[in-house]
Amino acid sequence: MTAQAPDAGVTFINTFTLSAAPEEFEEAFSRTAEFMARQPGFVEHTLMRHTTDGSRYVNIARWDDAQSLRRAVARPEFRSHAEALRALSTSEPHLYLPRTTVRAAG
C-alpha cells in the first residue's frame, strides 16, 4: 500500500441512473467526454456500466486539481452537455481526494 502525494489530483465520481436507452446515454456521454478531454487539468476518465443493471453507470474521472474541474463545468459550452445528460438520467456527483493505492503483488 502506498500513500498518495498531496499533489496527486482529485477524482470525480458520478453515478448515473438512466431514464433512457443505454445507447442514447452512451452517445451523449461520449460527446461530454470529448469536451472534457480537451479541458486543462483533465487526466482521464472511465465510464463503467453495472454488470446486472444496465440502467446504472459510474463515471470515474481524474483531474489535476478541483479548480480545473470547476473551471471546465463553468464554461458556457458545458451547459448543453449537462442538459443532455440530465434529460437521460439522474446523477450523484462527488469529488474525492486519493488516500492510498494498493497494487497487485509481484
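I began with the pair β3 and β4, which run antiparallel and are joined by seven bridges; the model I am reading is a predicted one. A hairpin of six residues leads from β3 to β4, and within this pair I noted that Leu 47 has Asn 59 of β4 as its bridge partner.

Next I looked up the whole sheet, which is open, has four strands in the order β3-β4-β2-β5, and pairs them in antiparallel fashion. At its edges I found β3 (42-49) and β5, and each has a single partner strand, so one side of each is left without a neighbour in the sheet. From one strand to the next, the twist averages 15 degrees.

I then followed β4 to its other partner, β2, and counted eight bridges between these two antiparallel strands. Asn 14 stands opposite Asn 59 of β4, while Val 10 has Trp 63 of β4 as its bridge partner.

Which residues of β4 lie on its covered face, and which on its uncovered one? I listed Tyr 57, Asn 59, Ala 61 and Trp 63 on the covered face, against Arg 56, Val 58, Ile 60 and Arg 62 on the uncovered one.

For the helices on the sheet, I took α3 and found that it lies across β2 and β5, running at about 125 degrees to β5. The buried residues of α3 are Phe 78, His 81, Ala 82, Leu 85 and Leu 88. Seen down the axis of α3, these residues fall within an arc of 130 degrees, so they line one face of the helix. On the face turned away from this buried side I found Arg 79, Arg 86 and Ala 87, which are exposed. The cover over the buried residues of α3 includes β2, α1, α2 and β5.

I repeated the exercise for α2 (residues 66-74), where Ala 66, Ser 68, Leu 69 and Ala 72 are buried. Why do I say that the buried residues of α2 line one face of the helix? Viewed down the helix axis, they fall within an arc of 160 degrees, so they do line one face. As a reminder to myself, an α-helix has 3.6 residues a turn, so residues three or four places apart point the same way. On the other side of α2, Arg 71 and Ala 74 are exposed. Among the elements that cover the buried residues of α2 are β2 (10-18), α1 (22-37), β4 (56-63), α3 (78-88) and β5 (89-96). At the N-terminal end of α2 I noted a cap by Asp 65, a side-chain oxygen of which lies 3.2 Å from the backbone nitrogen of Gln 67.

Finally I looked up the nonpolar cores. The largest has twelve residues, including Val 10, Phe 12, Phe 35, Trp 63, Leu 69 and Phe 78. The elements that give two or more residues to this core are β2, α1, β4, α2 and α3, and α2 gives the most, with three residues. Apart from this core lies another, of nine residues, among them Leu 18, Phe 25, Ala 33 and Tyr 57.

What does Phe 35 touch, if residues up to four places away in sequence are not counted? I found Ala 72, Arg 75, Glu 77, Phe 78 and His 81; of these, Ala 72 is among the buried residues of α2, and Phe 78 and His 81 are among those of α3.

Note on methods:
Residues are numbered from 1 along each chain as its sequence is written. This is a predicted model: local features need pLDDT of at least 70, side-chain atom pairs count only at pLDDT 80 or more; totals for chains, interfaces and linings use all residues. Side-chain values use heavy atoms; hydrogens and water are left out. Buried means under 20% relative accessible area, exposed over 50%, partly exposed in between (1.4 Å probe, protein chains only). The arc is that of the directions from the helix axis to the C-beta atoms. Contact means heavy atoms within 4.5 Å. A polar contact is a pair of N or O atoms within 3.5 Å; within protein, one must be able to donate a hydrogen and the other to accept it, and residues adjacent in sequence count only if both atoms are side-chain atoms. Two strands pair if DSSP finds at least two bridges between them. Axes are lines fitted to C-alpha atoms, for helices over the stretch in contact, and angles run from 0 to 180 degrees between N-to-C directions. A nonpolar core is a set of buried Ala, Val, Leu, Ile, Met, Phe, Trp, Tyr and Cys residues joined through side-chain atoms within 4.5 Å.
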